[in-house]
Amino acid sequence: MKTLIFLLLIFTSSTLKAEIINVPFHSKSLENSLIGTKSTRDIHIYLPDGYHESNKRYPVLYLLGAYSWPVKYSARIEPMLENHKKNGQNMEMIIVMLEGNTPLRGSFYVNSEVHGNFSDYVIKEVLPWVDRTYRTKAQTKHRGIAGFSMGGTGALRFAAKHPDLFSHVYALSPGMFDEKGMAKSYLTSEAAIKRYQAFKQKLATTQDPKAVMEAEFASFQGREIWNNGQENSYSAYLMAYAGAFAGHTGQPFGVHYSVDASQKPLWFKGFGELVELYSTSAVVEQLSSVRIDVGDKDDYIWITEGVLALKEKAEANKVPIHFEVFPGGHSDKALERLEHHMLPFFNTRL
């Protein structure tokens, strides 16, 4: 009898404990992308204590990964939540962790011929599936979205475009341009532009575009992107950004604005659009809360200056966005900000 009771206690304690599960998800929206983006993605999902033993419904936080940041960062989230529980804050929410990686390192979570339709993947596929599969509170007021770097950019864009789906948004060091931001970014690297132009020429004349892309992108994979020098990483970034934002009919990778000045608005809009969207009340008044964190010395200077430009415009227009400018660079205190700022933000709002 004692043995049976002991086994029951072990079973109960193991099933009551929170868990992170990994679900391979096949996306129709990501099939047939130009560069061969994987259409089956890992989604990591945090289920809170006692999820399997109750009929309770839970709010949902969608957390978007950064450029070249795989979903494995979910391993860092669980200890953060455990720390909060030890301090008496049991954060009862479902957290859905997504990544936007492609063979060019980052999709920026938008629809594109090059990377695949990442916006449709998130909005039209993942959100409905989560609400069908898990016991969620499916009302907008109980759904939030957040992300770091590219993920922060994606979170802000999703919230602005879909205030009927997301009520709260938190962006950590999001990519953003003010009027001078693009000129200070990697998009002006002469070496990267030269490589981008040569790659496009090869692509336009080859009988085997897949082979050309595989050869071109080989140095962008894994640690190779950093082992081949800064110019290599600049090239990957320029091509990824171009494929996400500058493409149009017949030119999936776009035309660089240094070659055709009329293309400049397309290139600028990728990050510049966010300042426009959030500097007036039209978008923000449809959301319950908006928070943006940024370092005062971000390694990518256009991010600090872009966020500060938005801060100035939002304050001038009395737009209710909470900004926090902390001392440091792009990734400084990233885990601390996730644990002690982002998670409590959603815990009190969702």
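Modeller: Start with Asn32, at 77% relative accessibility. The model is predicted.

Biologist: Why is Asn32 called exposed?

Modeller: Exposed means over 50% relative accessible area. Asn32 has 77%, so Asn32 counts as exposed. Asn32 sits in the loop between strand S1 (19-26) and strand S2 (40-47).

Biologist: What is the phi of Asn32?

Modeller: About 65°, a positive value, although Asn32 is not a glycine.

Biologist: Why is Arg105 called buried?

Modeller: The cut-off for buried is under 20%. Arg105 has 9% relative accessibility, so Arg105 counts as buried. Arg105 also belongs to a loop, the one between strand S4 (94-98) and strand S5 (111-112). Phi of Arg105 is positive too, near 85°, and Arg105 is a residue other than glycine.

Biologist: What makes Ala314 buried?

Modeller: Its relative accessibility is 0%. Buried needs under 20%, so Ala314 counts as buried. Ala314 is part of helix H11 (residues 301-316).

Biologist: Which residues is Ala314 in contact with, leaving aside neighbours within four places in sequence?

Modeller: Tyr278, Ser279, Val319, Ile321 and Phe323. Contact requires heavy atoms within 4.5 Å.

Biologist: Where does helix H3 bend?

Modeller: At Val126, by about 35°. H3 covers residues 118-133, and Pro128 follows the bend within four residues. Val126 is one of the buried residues of H3, along with others including Phe118, Tyr121, Leu127 and Trp129. Asp120 and Glu125 are on that buried list as well.

Biologist: Now the whole protein. How many helices and strands are there?

Modeller: There are 12 helices and 10 strands.

Biologist: How do you know that the protein is as compact as a globular protein of its length?

Modeller: The globule rule gives 20 Å for 350 residues. The radius of gyration is 21 Å, close to that value, so the protein is as compact as a globular protein of that length. The C-alpha atoms fill a box of roughly 80 × 50 × 35 Å along the principal axes.

Biologist: How many of the residues count as buried?

Modeller: Of the 350 residues, 56% do. Among contacts with a separation of 6 or more, 75% join residues 24 or more positions apart.

Conventions: Residues numbered from 1 in each chain as written. Predicted model: local features only at pLDDT ≥ 70, side-chain atom pairs only at ≥ 80, totals over all residues. Heavy atoms only, no water. Helix = DSSP H or I, 4+ residues; strand = E, 2+ residues; numbered from the N terminus. Rg over C-alpha atoms; globule rule 2.2 N^0.38 Å. Buried < 20%, exposed > 50% of the residue type's maximum accessible area, 1.4 Å probe, protein only. Bend = angle between axes of the 7 residues up to and from the residue.
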